[in-house]
Amino acid sequence: MYMKRVGVIRGNLNNRTKNSLENGSRVISYFSLEKMRDSYKLVDIFIDQGEKWYLNGVLTNLDKIAEQVDVAINTIYGDFGEDGKIQQILDQLDIPYVGSDSVTSALSYDKNTTKIALSNLKIRNPRHLLFPAYFKDLDSSQNESEIREQKKEYATNKARDVWAKLSPPWIIKPLTGGSSLGVIVCNSIEDLVQAFLSGVEADSSLIAEEYIKGQEGSIVSINNFRGQDIYTFPPAQIIIPKDKAFCDSELKNSGKMKIVCPGNFPTGQSKEIEKIAKQIHKELNLRHYSKIDFIINRNGIYIIEINTIPEYQDNSVLNNSLLSVGSNMVEFLTHSIDMALTKD
């Protein structure tokens, strides 16, 4: 019997290397289970920091990968993995893959375009301002002291702009990325100046948002599951320690983030979250899988972020969501592979 060759793509291309490698390793581990092992042939695809590709540990080229793979699962977080680049490469190689296409991936990865799309759908999200990356003055006559002063002046001006247009406190975050990396809560103009200086040093475009205090949560949607075109799992509740202003990268990466699924939300509120998740998944052309992060307070439901790469780890919203309805990661993987192969 011919077994479909499944390429699991993992790599260390950006500042989320550890998370990406863990994600990829977890997927690979599932292929050692009997149900997966008897149905699929695992192909390990690794991309290094120089964007060199390896096939089962051997340096290779894209043409050879196309010859050895029937369908791909991308497990890379962050730049290259979530921003549409790897999806574009797979499209060019004519390799079906799990997840959204390159255009939708790029839109979801960019927080500003995501917010514009949500606003066009009349979906509540935090008010924000976009600040493109700091433009360095290339005048070689400037000394280090003058450059520092120029950066400080830039950061101060941007901080004043936020102060004038948004009420405190504020969230400053990179335009792209995930896992709350680089996200800073600011309570004063001095905090804002330091946040913008950090953005200058990271050469990052920034988003300034109004800080929404409330109950954090996430909801997963998948296509063609249990008789529904778009199936939404029960909204999951993210419980954070009292000393945390939000679920930051330290908490997420420590494995100590507490996820309760189904979350402790009123029935009407849960139904509204599910309705919004389905609308976003459909209207933004998300494919196979999406995870929507939200915050609820007395003003309503705020959509914070859209995620297009599944988190396969045990302590993830996806795994908790699957278990809450009597499913599991093996069923999700086989279902996702089937959807990719049939181009659903």
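**View 1. K115, K173 and E209 join up in a network of salt bridges.** A salt bridge here means a side-chain nitrogen of Lys or Arg within 4 Å of a carboxyl oxygen of Asp or Glu. Keep in mind that this is a predicted model, where local features need pLDDT of at least 70, side-chain atom pairs count only at pLDDT 80 or more, and totals for chains, interfaces and linings use all residues. Residues are numbered from 1 along each chain as its sequence is written, and side-chain values use heavy atoms, with hydrogens and water left out.

**View 2. Here's the K115 and E209 salt bridge, at 2.9 Å from N to O.** The pair links distant parts of the chain, with K115 in helix α6 (residues 111–120) and E209 in strand β9 (residues 206–210), 94 residues apart. Helices (H or I, at least four residues) and strands (E, at least two) are DSSP runs, numbered from the N terminus. K115 is buried at 3% relative accessible area, and E209 is buried at 4%. Buried means under 20% relative accessible area, exposed over 50%, and partly exposed in between (1.4 Å probe, protein chains only).

**View 3. R26 grabs D314 in a salt bridge, with the closest N and O atoms 2.9 Å apart.** R26 sits in helix α1 (residues 17–30) and D314 in the loop between β15 (300–307) and α11 (317–324), so this pair ties together parts 288 residues apart in sequence. R26 is partly exposed, at 25%, and D314 is partly exposed too, at 46%.

**View 4. E201 meets K151 in a salt bridge (3.4 Å, N to O).** E201 is exposed, at 56% relative accessible area.
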